[in-house]
Amino acid sequence: SPNVKDAPVSVRFDDFDKKAIRVLNSIIEETGCEIVVSSDWKLHATLEELGDYYESQGIIKRPIATTPNMVDCTWHIDKEWYWPVRWELEMFRVVEIRQYLYDNPQITHWVAVDDLNMGKNGEDWKNWAIDNFVLTPKSNEGIKQLGIKEKIIKFLND
């Protein structure tokens, strides 16, 4: 089968939801935030292609970076980790985000938004989880969900 990276970006990715784009654009306008892509999309397109795609979808800012892939992350190697198999995808995403923050100490205000649960949620063994996190549990709703935009803005502005 042909390599997915050879296909046009419009074929590789689903269209963004128009209402979600409006919410994201208003968050960008209110906070001046930048976008760093941590999702698997970073595996299927270059940063430039992602930027072109975001623009074509009506997003007012292009992503400035992607988080590193797990194999390139090193900051956590000397730390004690509990690796629960059922949370492996969340763990990898958290490590990748933390590596990006480790490599960019100038970042003081940030938030991760995902339908993967990377938050602590009172579960002691999730000591690897991140505090600056907003869960969008209904993946078909994303940032359109009631109250999500306000939670995101609070992390970015506080």
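Author: What follows is a talk about the terms used for this predicted model.

Reader: Let us start with the overall layout. How many helices and strands are there, and in which pattern?

Author: The protein chain has 5 helices and 4 strands. Along the sequence they follow the pattern α-α-β-α-β-α-β-β-α. Buried residues account for 42% of the 158 residues in the protein chain. Among contacts between residues at least 6 apart in sequence, 58% join residues at least 24 apart.

Reader: Why is Ile27 called buried?

Author: Buried means under 20% relative accessible area. Ile27 has 2%, so Ile27 counts as buried. This residue is found in helix H2.

Reader: Which residues is Ile27 in contact with, leaving aside its neighbours within four places in sequence?

Author: They are Gly32, Cys33, Lys149, Ile152, Ile153 and Leu156, once neighbours within four places in sequence are set aside. There is also a C-alpha separation of 8.8 Å between Ile27 and Glu150, which are 123 residues apart along the chain.

Reader: What makes Ser56 exposed rather than buried?

Author: The word exposed needs over 50% relative accessible area. Ser56 comes to 54%, and therefore counts as exposed. Ser56 is found in helix H3, residues 47-56. Its side chain reaches the backbone oxygen of Tyr53 at 2.7 Å. As a polar contact is a pair of N or O atoms within 3.5 Å, that distance falls inside the cut-off.

Reader: Now Gln99. How do you know whether Gln99 is buried or exposed?

Author: Gln99 has a relative accessible area of 3%, and the limit for buried is under 20%, so Gln99 is buried. Helix H4 is where Gln99 is found.

Reader: What does the side chain of Gln99 lie 2.8 Å from?

Author: A polar atom of the Gln99 side chain lies 2.8 Å from the backbone nitrogen of Thr74. Leaving aside neighbours within four places in sequence, Gln99 is in contact with Pro68, Cys73, Thr74 and Trp75.

Reader: You mention Cys73. How many disulfides does a search of the whole structure find?

Author: The search finds 0 disulfides. The test is a pair of cysteine sulfur atoms within 2.5 Å.

Reader: What makes Thr136 buried, and where does Thr136 lie?

Author: Thr136 is at 5% relative accessibility, which is under 20%, so Thr136 counts as buried. Thr136 lies in the loop between strand S4 (133-135) and H5. The backbone nitrogen of Asp115 lies 3.4 Å from a polar atom of the Thr136 side chain, and the cut-off for a polar contact is 3.5 Å. Setting aside neighbours within four places in sequence, the contacts of Thr136 include Val113, Asp114, Gly142 and Ile148.

Reader: And Ala65: why is Ala65 called buried?

Author: Its relative accessible area is 12%, which is under 20%, so the word buried applies to Ala65. Ala65 lies in strand S2, residues 65-66. The C-alpha atoms of Ala65 and Ile35 are 7.3 Å apart in space, and the two residues are 30 apart in sequence. Beyond neighbours within four places in sequence, Ala65 is in contact with Ile35, Val36, Val37, Leu47 and Tyr100.

Reader: Last, the largest pocket. What is its volume, and which residues are closest to its centre?

Author: The largest pocket has a volume of about 1700 Å³. It is lined by 50 residues, and the closest to its centre are Ile35, Val36, Tyr54, Val113 and Asp114.

Reader: Which element gives the most to the lining of the largest pocket?

Author: That is H2, with 5 residues. Elements supplying at least two residues each include strand S1 (36-37), helix H4 (88-103), strand S3 (112-114) and helix H5 (148-157).

Reader: How do the residues of that lining divide?

Author: The lining of the largest pocket divides into 28 nonpolar, 11 polar and 11 charged residues.

Methods. Residues are numbered from 1 along each chain as its sequence is written. This is a predicted model: local features need pLDDT of at least 70, side-chain atom pairs count only at pLDDT 80 or more; totals for chains, interfaces and linings use all residues. Side-chain values use heavy atoms; hydrogens and water are left out. On a 1 Å grid over the protein atoms alone, a cavity is a set of points where a 1.4 Å probe fits but cannot get out, and a pocket is an open set with protein on both sides within 12 Å along at least five of seven lines; lining residues have an atom within 4 Å of a point. Grid points are joined across faces, edges and corners, and a volume is the space filled by probe spheres set on the points. Ala, Val, Leu, Ile, Met, Phe, Trp, Tyr, Cys and Pro count as nonpolar, Asp, Glu, Lys and Arg as charged, and the others, Gly among them, as polar. Buried means under 20% relative accessible area, exposed over 50%, partly exposed in between (1.4 Å probe, protein chains only). A polar contact is a pair of N or O atoms within 3.5 Å; within protein, one must be able to donate a hydrogen and the other to accept it, and residues adjacent in sequence count only if both atoms are side-chain atoms. Contact means heavy atoms within 4.5 Å.
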